[in-house]
Amino acid sequence: MVITLIVILVVLAALAAMFFLGPAGWRTSAAGTFGGLSTRVGKFIEGGRADPRFGSGAGGAAATPAPPRFTDADRAYLDGVWKHVQSTFVSNPRVAVNLAHSTAEGFFTAHGVPTDGLPEGAEDLAGDNPAEEDTETLRLRLLAIKTWSDREAAR
């Protein structure tokens with residue numbers, strides 16, 4: 001407690017010495033409009049707003065950015081899943097498209113992201129006759145799911 005008080009007194013003495021013994025420019029900039037505060041801070045306190053010409057000074061936008069939507073571990077998980085889906089597509093394209101759709105839907109739903117724009121999986125694509133699906137249609141469906149997933153993960 002005593003040490004804290006001594007440190008505060010030393011700092012105040014240093015500030016007073018700077019004011020009285022420093023260059024004249026320091027004294028004029030320290031004698032702002034609101035009880036000796038600098039002009040920008042004084043204008044902010046008096047007007048309730050910062051001067052827009054000074055960018056993000058006192059009263060500007062918050063300096064803390066919003067937390068990321070997904071962690072690095074989440075992104076690594078998605079990358080791993082997509083590598084598995086791509087390797088599965090070679091042997092069984094229909095299973096790969098269904099896997100991509102169900103994984104994307106489950107992952108983004110678990111993270112609170114709405115999946116309204118997620119393209120349909122292979123079971124919704126063919127309807128009653130899954131034999132009518134060709135590999136190119138399944139590849140395009142897989143690319144649509146991957147594009148949607150990448151876009152949502154980047155937000």
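Colleague: Quick one to start: does glutamate 152 count as buried or exposed?

Modeller: Glutamate 152 counts as buried, because its relative accessibility is 7%; buried means under 20% relative accessible area, exposed over 50%, and partly exposed in between, with a 1.4 Å probe and protein chains only. Bear in mind that this is a predicted model, where local features need pLDDT of at least 70, side-chain atom pairs count only at pLDDT 80 or more, and totals for chains, interfaces and linings use all residues. Residues are numbered from 1 along each chain as its sequence is written, and side-chain values use heavy atoms, with hydrogens and water left out.

Colleague: Thanks! Which residues does glutamate 152 touch?

Modeller: Leaving aside residues up to four places away in sequence, glutamate 152 touches Arg69, Phe70, Phe108 and Val113. Contact here means heavy atoms within 4.5 Å.

Colleague: And where does glutamate 152 lie?

Modeller: In helix 7. Helices are DSSP runs of H or I with at least four residues, numbered from the N terminus.

Colleague: Which residues of helix 7 are buried?

Modeller: Leu138, Leu142, Ile145, Trp148, Ser149, Glu152 and Ala153. They cover an arc of only 130° around the axis, so they sit on the same side of helix 7. That arc is taken from the directions from the helix axis to the C-beta atoms.

Colleague: Switching topic, how do phenylalanine 70 and phenylalanine 108 pair up?

Modeller: Their aromatic pair is edge-to-face, at 5.7 Å centre to centre and 80° between the planes. For the cut-offs, rings of Phe, Tyr and Trp (its six-membered ring) pair if their centres lie within 6.5 Å; planes under 30 degrees apart are stacked, over 60 edge-to-face, and the rest tilted.

Colleague: What does that pair tie together?

Modeller: Phenylalanine 70 lies in the loop between helix 3 (39-47) and helix 4, and phenylalanine 108 in helix 5, so the pair ties together parts that are 38 residues apart in sequence. Both phenylalanine 70 and phenylalanine 108 are buried.

Colleague: Which residues do ring pairs link into a cluster?

Modeller: Phe70, Tyr77, Phe107, Phe108 and Trp148.

Colleague: Last topic: in the largest nonpolar core, which residues touch the most other members?

Modeller: Trp82, Val85, Val97, Phe108, Leu142 and Ile145, out of 20 residues in that core. A nonpolar core is a set of buried Ala, Val, Leu, Ile, Met, Phe, Trp, Tyr and Cys residues joined through side-chain atoms within 4.5 Å.

Colleague: Which helix gives the most to this core?

Modeller: Helix 5, with six residues.

Terms used: Helices (H or I, at least four residues) and strands (E, at least two) are DSSP runs, numbered from the N terminus.
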